[in-house]
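Let's walk through this structure together, beginning with a ligand and the side chains around it. Keep the 3D view open as you read.

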Amino acid sequence: ACSSSNSGASNTSSATVLNVGMPNGPQTENNNPFVNTSAARQSGYMRAIYEPLVMYNEIKPGENTKPWLATKWEWSDNYKKIVFTIRDNVTWSDGKPLTAEDVAYTFQLLRDNPGLNIDSVKYKDISASGNEVTLGFESSQFVYQKKIYEQFIVPKHQWSTFSAPATETVKNPIGSGPYTLKTFTPQTVTVVAREGYWGGNPAVKEIRYTSYTDNQAQTTALATGQAEWSYVFIPNPQAVYTSKDPKNYKLWFPAALGVHGLVINTKIAPWDNKYLRRAVNMVVNRDDIFTQGEAGYFYPKVDNITGIPTPAGEPFIAPEFKDTKATIDVAGAKKLLTDNGFTYQGDKLLDPGGKPVTIRTIVPSGWSDYVTNLEIIKDNLKGIGIEATVEKINQDAWGKAIDTGDFGGSMRWTNNGNTPYDIYQTIMDGALYKPIGTGGINGNYGRYENPAATAALNSYANATDEAARTAAMNELQRIFVEDMPMIITSAGNVGGQYSTKNWIGWPDEQNNYAPAQPTQENALDIIMSLKPAAAS
Amino acid sequence: MTASGMKASASETTEVVLEADGLTKHFPVRKRGREVFSKVSRVVRAVDDVSLTLRRGRVTALVGESGSGKSTVARLLAQLYDRTAGDIKLHGESVSVKSGKRFRAYSRRVQMIFQDPFASLNPVHTVRYHLTRALKIHDRAGKTKEDLEKALEALLTRVQLTPPERYIDKFPHELSGGQRQRVAIARALGADPEALLADEPVSMLDVSIRLGVLNLLRDLKERLNLAILYITHDIASARYFADETIVMYAGRIVEGGDSETVTQRPAHPYTQLLIDSAPDPDQIAAHSASEKDRGTGEPPSLINPPAGCRFHPRCPHVMDRCRTELPPRFEIGDGPGHFAACWLYADGQATSESSGTGPGSSDGRARSGEHA
Amino acid sequence: MATPSVVDATPVAAVPVKAKRRRLRFIASPKAAIGLGMMAFFVILAIIGPFIAPYDPSERSNALVEAPSAAHWLGTTHLGQDVFSQLVSGTRSVILVGLLAGVIATILSLLVGVTSGYLSGAGAESLSALSNVFLVIPALPLIIIITSILPETTDVTIALVIGLTSWAWGARVLRAQTLSLRRRDYVEAARATGEKTWRIIIFEIMPNLTAVIASNFIGTVIFAVTSEITLAFIGVNTSGDNWNWGTILFWAQGQQALAQGAWWWFVPAGLAIALLGTALSLLNFGIDEFVSPRLRGNGKSKVKTVDGHTVRMRVGFTPVLGFGRKDDTL
Amino acid sequence: MSDAVLEVKNLDVDYGLGSEAVHAVRDVNLVLHRGEVLGLAGESGSGKSTLAYGLTRLLPPPGVIAGGEVIYHAENGDTADIMRMTDEELREFRWAETAIVFQGAMNSLNPVHKISTQMTDVIRAHDPDSTPRSRLDRAKEMLALVGISADRLEAYPHQLSGGMRQRVMIGMALALDPRLVIMDEPTTALDVVIQRQILGQLIELRERLGFSVLFITHDLSLLVEFSDRIAIMYGGRIVEEAPAADIYRDSLHPYSDGLLHSFPALRGPRRELTGIPGSPPDLRAMPTGCAFHPRCPKAFDPCATTLPVLGIPESHTGQQRTVACWLHPIH
Amino acid sequence: MSYLLKRVAFYVFTAWAAITLNFFIPRVMPGDPVQSLITRSRGQMTGDAVQSLYVLFGLDPNESLLSQYVKYWGQLFRGDLGLSFTFFPSQVGEVIGQALPWTMALVGITTVIGFLIGTTLGTLAGWRRGSWIDALIPVTTFLSSIPYFWLGLIAIALLTGPDSFFPAGNGYDTGLTPAWDWEFIGSAVQHSLLPAITILISSMAGWILSMRNMMVTVASEDYVTVAHAKGLPERRVMVGYAARNALLPNVSGFALSLGFIVGGTLLVEIVFSYPGLGFLLFQGVGTKDYPLLQGIFLIITLSVLLANFVADLAYMLLDPRTRREG
Ligand SMILES: Nc1ncnc2c1ncn2[C@@H]1O[C@H](COP(=O)(O)OP(=O)(O)OP(=O)(O)O)[C@@H](O)[C@H]1O
Ligand SMILES: Nc1ncnc2c1ncn2[C@@H]1O[C@H](COP(=O)(O)OP(=O)(O)OP(=O)(O)O)[C@@H](O)[C@H]1O
Ligand SMILES: [Mg+2]
Ligand SMILES: [Mg+2]
């Protein structure tokens, strides 16, 4: 009975239901918000149930924080301590009030259960008094602010009863958010708006989170309007998606501060030669990669020479590089090479030692966009006489090869964060360096060694004033542009596809109040902003 | 008749080739339903305590009801089955071989012709293949191709498949039953054996072809001095073809002796039944009326054979003793080596040396009782 | 009495005639002939495919996702690659994997099945248990797992994996068949003649299994081909620049070709698979009718009677071609 | 010929079609009288089974009836040509009028059905009004007739011995009181004791029920003993037909003669066995003229060229016998 | 040893061997669930997550295979299949229990229907050899040579759409909650039609072909000719005599094929987004989810063994001859 009323509602009169889809396959009832594998996290409905302290908008440089459960927060100068002031009048969905105790308990939970602490934030002392919570850290958290802001809060009175929070499936989730769990099926999870939410009653009365088996099914659902909001890679979105209802079907994929690109193993001759890497950077066709590999939208193009995505990273770019784009310049690349000891034998590039320059790139066989990107790069490299091979191997073998440095080049991503620090740290941090053949590393896959870069990274993370940070960031960019340890081609994204047929008020280029991804913390902000299309 | 008499006397002197002593074969049967958990295992007592000898240049016929274990005896003698008990002696030496070199050495000396010529030739191979293999295995193929060709021709000619080139490249299905049977015989001869175990080599053939095959075997026996075991349902042919005849009933030998004697003066009630049942165009009138009086009934189960004499449930002369005690062989003095396993001759045992009246009269009694 | 020579002469003359008939019988079945023709086409394509392909199958061009045209007979991919060239070049890998895996699996199932069927004792029992264990483990998931263990997958390794994991069904069938053969008189007769065991297995038993072996081989080839293509399709094996029909489908599916309306990218490879499968099954018909005399209908199942009707030949109701008395009995 | 049950006229049966065809039965004429046992003998491969299956149209492919008639005289005097019957008519005719016992009883019974099922389903097919009770009773009656106890009804074929199976088939054949029973080598694989039991019972029943029997066997002595008339086949044709005793005492065709001198006698003095020289003809390449002439010791000029016709020999006027041999010119 | 005990011992041995193999195969796969989780979620998870995940999954790199193996058996006997990595921390039993009914319903029923229809058609084709129905065989073999997924995708492209009766995927309408009401069942049936037809089309040919060949073989058996000679109605001869006996080999083939339900039609479930075991298996392979893989393999193993056992019994019922083996 419930279903018929529902299915009718989404099509006629003003909407009350929002249909969200994710291509993750059938789910098992698992509402543990801490665990990455849980349905709550995969489908994103935890965002409607649990709330963060601060809403952090990672695509909006400048004003990127919005008070949420915390009304105020204050860092110490060295970023080793923060004090949150918790909002009053917030109740849990079971009616109990949310207190600073709950907040402190949540962080204690993270500190005491390393399995739950996915972000590996080093909490020290945690205390609550009145409506204030104080968190202390072992080191400066400047570059990790986002992780702390975004921490969702769980009720102490429920979680303290769990003997093993890490393996708890939380059948009856109690949160402070505007929605509560109504039904769970492996296909669809339904949450409904509850009474007594501190932020007022949302226009969206019910949200259905449906799991589609794969991208294709998800795309079909989007194209037919079954799903109104999703995050999925659609090849040729024009033909497959937006053209079905150009007025309402939208996609918006703004860049985040994380990148994708060609990691070069800097320990293999002649790729230890920075001129060679720079020459490569000069011939890679980022436009082709964007339009053919990323279907013209998915991973936004990065063309600043520093590899920092814009507009998110705009404020961080050093003045000297502000307008330096990575443009294709085959002649320039050849000149750079021949000026630095490389020679040509016919079309073939020879290294200073007289050997032909080749590169063996690897890629997981199923990752079609990466494969396409590499094919394009291979083509581009041919233009300057470099013979590249693209080896498609299985995911595990690829993971292992990357881990132990058994490759010439590969497409990979970097971490993302609230500053470009994460990007550069993933690429250049000497602290992460391990020689070829040694595995177990968490970054610096290109085996790049430069003490200056490591020092700059450290000083950025631990600086206590803005000037020192800016200096360190500029230094990092200088080193990167000089040595070009990775050919950055695309930015990580925080976007989504959505339909304005039933609901309006979505974020977009003009109104970029939140990233459009339904599984990110900002999803709640978006949901709260939605209005029925008919009503407008 | 005279010829057979002469042979009989010669039999004492000719060399024993193959000898079975107390041969026994039990086939296990699968348990059914509720027997699964019981301990007793059931067996088909296909052959029980069978002793016989095959001599050089002599044919021994083995007759008996269907399912009495004749083929099993032949296969046991060919060492194709493991025996349950008993002994097989080749030239007085006990042999027990399963496979490998020793088995092949044995098979060179003792060869078998299988009951069914339609089944015993591999349908995918030509006559040439079958015979070549037989020759090659026993190193009789010679060194060159011509040698082989000559040996093949000789074999085919010997079994009267002439001209050889008409048959040599044929597949079994292109041959008639009689021709197949002769190929099978040729194959057995290819090993140049000393003993030949021929299991109903003529059962499927019409009388004219049947005769041809039998004449061939007789000829072989005489020329090559073979010892032959001839298994058949056709008692008349045993009379004509075999020197000695042995009768089996339900896995046991019930009578044996010189062929002419056994067929003309059967001693054991079963043999009498058998001989009487054989169709005889000359005596059409004599029969017909007396069908009812004949001992009828089913052949006994070999899984739970009757105690005592296995024939007793069907025997017209059954005595108390027959139901409990297994009769041993009793000599009957009316022919060379004639014996029967029947209590009727128990009394004659003591006097058998002195006179033939005991068995003779009992024989007469049995027959007259039937025809009255 | 000169006539016997007539009797002799006829069969001698008949021998070569028969042999000829036997060899041609296979082709005589129209189904098998069609299958043979199609199969020959695929094999030839497998050999010369890469040479006659109009483009390098991996070569990119600016004609992105274009419908079939004179320049690109089967259109292009999202990278501007020529689908027709991919299809033609991909034939080799498909045929290679199919045949190689078929051969491997057939040999294994022969070894295991026939040996465990013919011999008795612990060895044979454990062989049969082994094949049952392999039967129990689902083949396709197993293949997926094994291929994902391998760091790198070439056609040969794929063929090996498929061949090594898909023999069990055949072994079971062959074992059952061998069990029914091994006590046949001609096998016993060969033993009684003094044949060695391995000769009995190879020369006496196996030839009688030809029909089973052949259909088994063909079944395995079909299975291998579909497995290879499935593997490629789900992205387990799209290694190197080695094109096969599954890789085409993988890319087409990854780019949602059908949803884009690019049917030319998705449809031909699937049809090619179906055609290859059909060719093999048609061959199977021929082999069945060739080896098993019972299925041999002399190609005809209908007969014409004298008065022009058509009657079906069938068991139990012998067709009558002509009625009544004929004037001339000769 | 008022008492004729079955008349076979000029029956031709082939295996295969056109030039490939094997002419297994050629121009066969036979009459089967009421209550009579007609024996059919001949070399293996001479076409005996083919004839038996052919005239009931049970020959499996590639067998075809190339021509001829088989006239059945029903009890009420009607006649019908079996060759012209439709499938439905055939089905009704079969078993109710003509029952057949096949060469191998081992394979004639369906291994997966009980004896009772196989016996009652044929009764039901021809008498749909009967009750299951009455059918079962009839089945028991028939088993009793062939000497098998009623409790064997619930047995499966493999639980019976070969002889018992044979008898079940014979019992089944008689279940519908047919007027004709065809038996193709019903006893070859059995020992003489069981063989005699079965045949004895059959002859007895024949006398009581009055059906006719077509009896095919290799065993001439058996034939002579049990049949009224004997027909001898050679190379697909009937070469001689006569009362059993006449054939045994005085066969006219040299082939019959050869056959009769090929089997050893069990009793009485040992006879000289001559046999028949040569080998059977190849059906694909039959000799011209009389098919037997290449092996015939008495062959003379016409034999090799002209086919002798089956007819009453001049020398035996008045006798109920026919022969096809140039030695015995016919009227 | 008696026959039945031998059979039981054989099944136990096979089960043991298969389960042991199931235990070891996933474990020799390179890479581990954590790595594969990270690579799969490209960029959505930072490198720092690694440690917490190892801790979370309780993966102790120092525990020997053997002690894991012993532990595994201990768990099995307690009916505990462990925690799934993919859906951590859900119980494997729960994950499988949720998918199993769908596979059973869709693939199980279609396999049975395919067998029934295929066998019926094969019976007719074999019985009327040379008639039109015989000509069906090349057509069905053509269809059966097409990979499931291709047929399925084409069907989706051609037959589904916003206004089509056929839904493009999923087990039931997304708004519904599984319950035994007509609305849900109707929706489930509607969603299963297309995948079911795909499986039917692809799987029927095998049954048709083997049944036909058996029919042709059996039809020339003497007892069938005897049945004709008895003048039995055509249907009775075809069904009771020919098909009844021809069915025997197909029965064991059918039992075997039950084992392929999960593995063989995995692609159908993937293509039609069907929430069944096959798709789960595919996910498990992708994420190195050993406990899940082992759980699924266990289900497959046990069901195949069970099916075989049932087939054994059915064979004994259908074929009164006690089969003599060896
Ligand atoms: N492999 C076997 N397993 C079980 N029982 C068997 C086996 N072989 C033969 N028997 C049984 O042993 C008995 C003797 O069989 P055998 O073949 O020796 O008889 P036979 O005298 O040759 O009969 P026939 O005259 O019919 O050929 C029969 O009851 C038969 O059923
Ligand atoms: N399917 C067939 N194709 C060709 N020829 C056949 C076929 N079946 C039988 N024949 C031939 O037809 C002839 C007659 O066979 P039939 O079975 O009638 O002989 P028969 O007289 O019954 O012999 P037997 O006494 O051995 O049973 C034989 O020569 C045989 O080779
Ligand atoms: Mg025997
Ligand atoms: Mg016959």
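For B:Glu200, the distance from a side-chain N or O atom to a ligand 1 oxygen is 3.2 Å. On its own, ligand 1 exposes 630 Å², and the protein buries 70% of that (accessible areas by the Shrake-Rupley method with a 1.4 Å probe; for residues, only the protein chains shown count as cover).

Before going on, a word about what you are looking at. This is a predicted model, in which local features need pLDDT of at least 70 and side-chain atom pairs count only at pLDDT 80 or more, while totals for chains, interfaces and linings use all residues. Residues are numbered from 1 along each chain as its sequence is written, chains are lettered from A and ligands numbered from 1 in the order in which they are written, and side-chain values use heavy atoms, with hydrogens and water left out.

Now step back to the whole shell. Ligand 1 sits between chains B and E, and 15 residues surround it, B:Gly67, B:Lys70 and B:Ser71 being among the closest (a residue is near if one of its heavy atoms lies within 4 Å). Helix H2 of chain B gives the most to this shell, with three residues (helices, H or I, have at least four residues and strands, E, at least two; both are DSSP runs numbered from the N terminus).

Turn next to ligand 2, which is surrounded by 15 residues, with D:Gly45 and D:His218 among the closest. Here a polar backbone atom of D:Lys48 is 2.8 Å from a ligand oxygen. The side chain of D:Ser49 places a polar atom 2.5 Å from an oxygen of ligand 2, and for D:Thr50 a side-chain N or O atom is 2.3 Å from a ligand 2 oxygen. Taken alone, ligand 2 exposes 640 Å², of which the protein buries 66%. Helix H1 of chain D, residues 48-56, gives the most to the shell around ligand 2, with three residues.

Notes: Polar contact = N/O pair within 3.5 Å; in protein donor to acceptor, adjacent residues only side chain to side chain.
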